Amino acid sequence: MKTAYNLRSIAAQAISQVLDKGLSLSTVLPGLQKNVSEKDRGLLQELCFGTLRVLPQLEWCLQQLMAKPLTGKQRTLHYLLMVGLYQLIHTRIPAHAVLAETVNGAVALKRPQLKGLINGVLRQFQRQQEELLQRMLNNDSRHLHPSWLFNRLKKAYPDDWENIVDANNQRPPMWLRVNRLHHTRDEYLHLLNESQIEAVPHPEYGDAIRLITPCQVSLLPGFTEGWITVQDASAQGSVDLLDPQNGELILDLCCAPGGKTTHILEAAPKAHVLAVDVDEQRLKRVHENLQRLKLNAEVKQGDGREPQVWAGDRIFDRILLDAPCSATGVIRRHPDIKWLRRDSDIAELASLQKEILHAVWPRLKSKGVMVYATCSILPDENCQQIASFLESHQDATLVETGTMEKPGRQNLPHAEDGDGFYYAKLIKS
């Protein structure tokens with residue numbers, strides 16, 4: 001049955017919103033998915049995420065196939081061509097269907113006069129595909145990263161940068177967090193096994209399970225009852241380090257979308273948790289997650305640099321500061337990060353992190369614990385940030401995470417492990 005919309009043109013419009021307007025795919029995609037059938041939503045997501053994941057490869061191929069790129073009002077057709085190339089190279093969609101649907105995308109985008117161009121470029125690529133992809137292997141585009149980020153990774157990780165780049169370019173694994181209020185991890189693994197869903201436990205993080213093959217959450221035992229949450233293994237590690245206890249007053253700062261807030265409450269259901277985030281829109285997700293898991297926290301909108309506004313005179317037993325960062329550790333989940341971030345953002349983010357750290361440290365009790373966490377893999381935001389903080393705060397002691405020479409623990413993204421993530425655990429004297 002023919003649909004009233006063209007999926008390829010919708011994907012091209014989503015990519016335009018990201019690359020030309022600087023919007024994140026996670027902001028753009030939900031609104032567009034509402035306009036397509038449930039069975040097409042997964043393919044739309046695949047076309048958008050996949051195209052952005054391998055963007056330099058597609059751009060390089062188009063440069064070889066066209067005398068000049070489409071610009072101005074025709075720019076969305078340039079992205080339509082990218083979507084077409086992505087399907088031919090990276091999906092199993094039959095070539096005739098790719099050509100037909102992508103060419104029809106020009107009509108949906110009200111540029112029917114460009115149907116011949118779209119058709120011609122895609123057919124030319126088919127003829128030259130093997131040769132072009134072979135030639136690209138000798139070009140820097142093969143790394144699929146912007147040059148500024150590529151250079152930073154090479155400098156920070158001279159022995160590991162190739163593995164990091166490779167991991168960033170993969171599809172992410174699907175990790176679950178078992179709600180210990182309902183089951184032990186072994187019990188839930190047994191439930192998965194009964195449902196014929198293959199999974200393995202994480203060797204270090206006690207609630208984490210990786211699915212061998214990602215699946216719809218509706219197929220997971222007890223998802224709607226709150227038995228499990230989809231959350232990356234590395235993100236789960238921050239609450240393991242925080243080690244929250246019942247009866248404590250705990251601050252989860254920069255808390256949206258609430259994965260760590262709910263994890264704290266699963267570990268210590270009788271703790272009082274204040275969850276704070278600057279983004280009012282994203283706080284809706286915190287409320288949704290709390291509601292699904294039937295947990296209670298005090299949720300407030302506020303700027304981490306101004307604790308007096310949202311905390312009053314309260315002093316906390318533990319603080320989890322999931323600091324705003326470049327998100328360079330979660331590129332495989334959000335490939336648009338590569339194209340939304342700029343080199344200049346890193347110094348600005350490091351400055352903001354420093355301000356928040358300095359502002360909330362006085363809100364920690366003596367003998368209290370702070371876990372500083374980011375989903376970044378850049379030293380400026382991580383070990384350098386904490387080294388500077390320790391130097392200026394004699395009442396802070398680093399524990400369980402690294403040494404004074406190299407403070408903190410840096411997880412790097414790995415195909416069968418968690419995302420890139422950094423933690424530093426500090427105790428106040």
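## The annotated binding site

UniProt, in an unreviewed entry, marks a "binding site" at Cys 254, Cys 255, Ala 256, Pro 257, Gly 258, Gly 259, Lys 260, Asp 277, Asp 303 and Asp 322. UniProt positions are given in the numbering used here, feature names are shortened, and annotations may be inferred rather than shown by experiment. What you are looking at is a predicted model, in which local features need pLDDT of at least 70 and side-chain atom pairs count only at pLDDT 80 or more, while totals for chains, interfaces and linings use all residues. Residues are numbered from 1 along each chain as its sequence is written, and side-chain values use heavy atoms, with hydrogens and water left out.

Let's zoom in on Cys 255. It is found in the loop between strand S5 (249–253) and H12. (Helices are DSSP runs of H or I with at least four residues, strands are runs of E with at least two, and both are numbered from the N terminus.) Is Cys 255 buried or exposed? Cys 255 is buried, with a relative accessible area of 5%. Here buried means under 20% relative accessible area, exposed means over 50%, and partly exposed is in between, using a 1.4 Å probe and protein chains only. Setting aside neighbours within four places in sequence, Cys 255 is in contact with Thr 261, Ala 275, Val 276, Asp 277, Leu 283 and Val 286; contact means heavy atoms within 4.5 Å.

Ala 256 lies in that loop between S5 and H12 too, and it counts as buried at 8% relative accessibility. If you don't count residues up to four places away in sequence, Ala 256 touches Asp 277, Arg 282 and Val 286.

Strand S5 has a parallel partner in S6, with 5 bridges joining them. Two strands pair if DSSP finds at least two bridges between them. In this pairing, Leu 251 stands opposite Leu 274 in S6. Strand S6 (residues 272–277) is mostly covered, as 5 of its 6 residues are buried.

S5 also pairs with S8 in the parallel sense, over 4 bridges, and Asp 252 stands opposite Leu 320 in S8. Strand S8 (residues 316–322) has 7 of its 7 residues buried, so it is largely enclosed by the rest of the structure. S8 then pairs with strand S9 (residues 364–374), again in the parallel sense, over 6 bridges. There, the bridge partner of Phe 316 is Leu 364 in S9.

## An open sheet with helices on it

Now for a sheet with antiparallel pairing: 4 strands form an open sheet in the order S2-S3-S1-S4. Strand S2 (199–201) and strand S4 (228–230) stand at the edges with a single partner strand each, so one side of each has no neighbour in the sheet. Neighbouring strands of this sheet are turned by 30° against each other on average, direction ignored. Strand S1 (residues 174–178) and strand S3 (residues 208–211) pair in the antiparallel sense over 4 bridges, and Trp 175 stands opposite Arg 210 in S3.

Helix H10 (residues 185–194) lies across S1, S2, S3 and S4, running at about 20° to S3. Helix H12 (residues 259–267) packs on the sheet too, touching S1 and S4, and its direction makes about 35° with that of S1. For these angles, axes are lines fitted to C-alpha atoms (for helices, over the stretch in contact), and angles run from 0 to 180 degrees between N-to-C directions.

## A helix pair and its loop

Helix H6 (residues 95–108) and helix H7 (residues 115–136) pack at an angle of about 155°, with their axes 8 Å apart. That makes H6 roughly antiparallel to H7. (Angles under 35 degrees count as roughly parallel, over 145 as roughly antiparallel, 65 to 115 as roughly perpendicular and the rest as oblique.) Among the residues making the contact are Leu 99 and Val 103 of H6 and Ile 118 and Leu 122 of H7.

What is the phi of Lys 110, which is not a glycine? Lys 110 has a positive phi of about 60°. Most residues other than glycine have a negative phi. Lys 110 is found in the loop between H6 and H7, and it is exposed, with a relative accessible area of 66%.
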